[in-house]
Amino acid sequence: MARIGSVAPFLAVVVVLGAVFVALDPFAMSPIAGVKDFKVLSVPQPSLEVLAAIPRDEKNILKGAEIVYGGQILGPESVLFDSQGRGPYSGVGDGRIVRWEGAKKGWVEFATVVSNRTEICNPTNPPSPNLKYEHLCGRPLGIRFNKAGELIICDAYFGLLKVGPEGGLAEVLTNEAEGQKFKFTNDLDIDDDGTIYFTDSSSRYPRSKFFASILEAEETGRFLKYDPKTKETTVLIKKLRFPNGVTFSKDHSFLIISETRLGRLIRYWVKGSKAGTWEHFVWLPGYPDNVRTTEEGNFWVALHCRRTLFDRFMNDYPALKQAFLKLPIKPTILYTLFSGKPHAAALKYSPEGKVLQVVEDQKDLKWPEVDLRGCVHQLKVEVSEL
Ligand SMILES: *[C@@H]1O[C@H](CO)[C@@H](O)[C@H](O)[C@H]1NC(C)=O
């Protein structure tokens with residue numbers, strides 16, 4: 001007892017000094033050092049019962065998936081074909097929108113979002129992330145063709161853009177609303193009359209700092225529309241937490257939007273008695289990226305990772321999480337704690353919100369080794385440059 005008694009004051013001093021050191025972070029070793037006004041919010045979550053009721057793909061169907069175009073392009077986000085069946089088209093990490101033109105020609109540049117692409121934008125071989133310059137070169141995310149065959153583009157840095165059917169340099173349609181510049185334009189869909197509905201994932205962080213937005217769980221994302229006739233941009237929903245994918249229902253009466261940080265889908269009504277209002281649609285077992293409508297009118301949503309227990313715990317205790325993030329922990333380790341290991345998964349929902357199908361690769365034997373190699377590498381760079 002006497003020994004403990006004599007060490008206790010010493011221990012107390014060490015603990016206090018340690019706490020002061022971590023709180024002041026004099027060597028900026030914390031992952032959030034240098035992030036201005038970083039403030040963690042608590043995060044609403046589904047009950048464990050709700051999560052347990054979501055089926056799993058015990059057969060790991062995605063393990064049998066074939067990997068196409070591996071290692072040729074970096075970070076294809078939204079993928080589509082044009083009305084003549086050409087493609088796929090995709091926006092990639094070096095700021096270009098590329099089109100597949102067959103085995104002989106490969107991926108060919110279709111469009112760009114900045115006029116002065118200098119050598120700093122050039123893709124590398126093998127492809128590697130260009131986080132340092134993507135705000136200069138562009139980062140096209142969501143893409144869709146309108147009825148006139150023009151390609152509408154959400155570029156993370158340059159806003160909503162349009163390019164003609166033959167491609168080339170895209171022109172900006174809009175890049176701000178209510179006096180607030182878009183910071184992270186992400187995905188879109190187009191109504192029959194040409195109105196474009198789109199997401200701006202954050203008004204606080206650009207895409208290159210997406211992990212800060214995720215850690216903070218901030219709610220500055222917006223859902224908007226752009227009317228090409230009046231050229232007016234309207235904010236439809238505010239205070240979203242990382243709104244991401246956008247897709248119309250088959251009958252165009254509503255849109256489904258994935259809200260990444262909350263791990264859910266929401267529904268925005270365009271027609272009928274609820275027009276102009278939105279509601280919760282479904283909780284997801286993980287954090288979603290894009291969502292797309294099938295020919296039958298169902299919705300496929302892709303998850304980039306499942307919920308972790310660590311994240312669940314921290315979501316309930318923002319003050320503890322804020323203190324925890326002051327510790328000098330490597331961003332890649334943080335990423336693993338909050339997001340778990342890479343886990344390929346996609347779920348199909350009916351328009352009523354019923355799960356119809358789940359495809360996964362729970363063991364992650366194939367994806368991290370092959371397809372996610374580029375992605376995991378990119379994540380490492382992104383989180384370490386937070
Ligand atoms: C394009 O020009 C602008 C304005 O001069 C400059 O700030 C930017 O760095 C240039 N972009 C590239 C990719 O060199």
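Strand E13 (residues 196-200) is largely enclosed by the rest of the structure, because five of its five residues are buried. Buried means that 20 or more other C-beta atoms lie within 10 Å of the residue's own; exposed means 12 or fewer, partly exposed lies in between, and C-beta atoms are placed from the backbone. Strands (E, at least two residues) and helices (H or I, at least four) are DSSP runs, numbered from the N terminus.

This is a predicted model: local features need pLDDT of at least 70, side-chain atom pairs count only at pLDDT 80 or more, and totals for chains, interfaces and linings use all residues. Residues are numbered from 1 along each chain as its sequence is written.

Stay with E13. In a regular strand the side chains alternate between the two faces of the sheet. Both faces of E13 are covered. Ile-196, Phe-198 and Asp-200 are buried on one side. Tyr-197 and Thr-199 are buried on the other.

Next come the partners of E13. Two strands pair if DSSP finds at least two bridges between them. Strand E12 (residues 185-190) pairs with E13 in the antiparallel sense, over four bridges. Ile-190 stands opposite Ile-196 in E13. E12 and E13 form a hairpin, with five residues between them. In the turn, Gly-194 has a positive phi of about 95 degrees. Strand E14 (residues 221-227) also pairs with E13, antiparallel and over five bridges. Tyr-197 has Lys-225 of E14 as its bridge partner.

Now turn to another sheet. Five strands, in the order E1-E2-E3-E4-E8, form an open sheet with mixed pairing. Strand E1 (79-80) and strand E8 (168-169) stand at the edges; each has a single partner strand, so one side of each is left without a neighbour in the sheet. E8 runs parallel to strand E4 (residues 107-112), and two bridges join them. Ala-111 stands opposite Gly-168 in E8.

Thr-294 sits between strand E20 (286-293) and strand E21 (299-306). Why is Thr-294 classed as exposed? Thr-294 is exposed because it has 12 other C-beta atoms within 10 Å. Ser-350 is 56 residues from Thr-294 in sequence, yet 9.9 Å away in space, C-alpha to C-alpha.

Finally, the whole chain. It has nine helices and 23 strands. Of its 386 residues, 38% are buried. Two residues are in contact if their C-beta atoms, placed from the backbone, lie within 7 Å. Among contacts between residues at least 6 apart in sequence, 53% join residues at least 24 apart.
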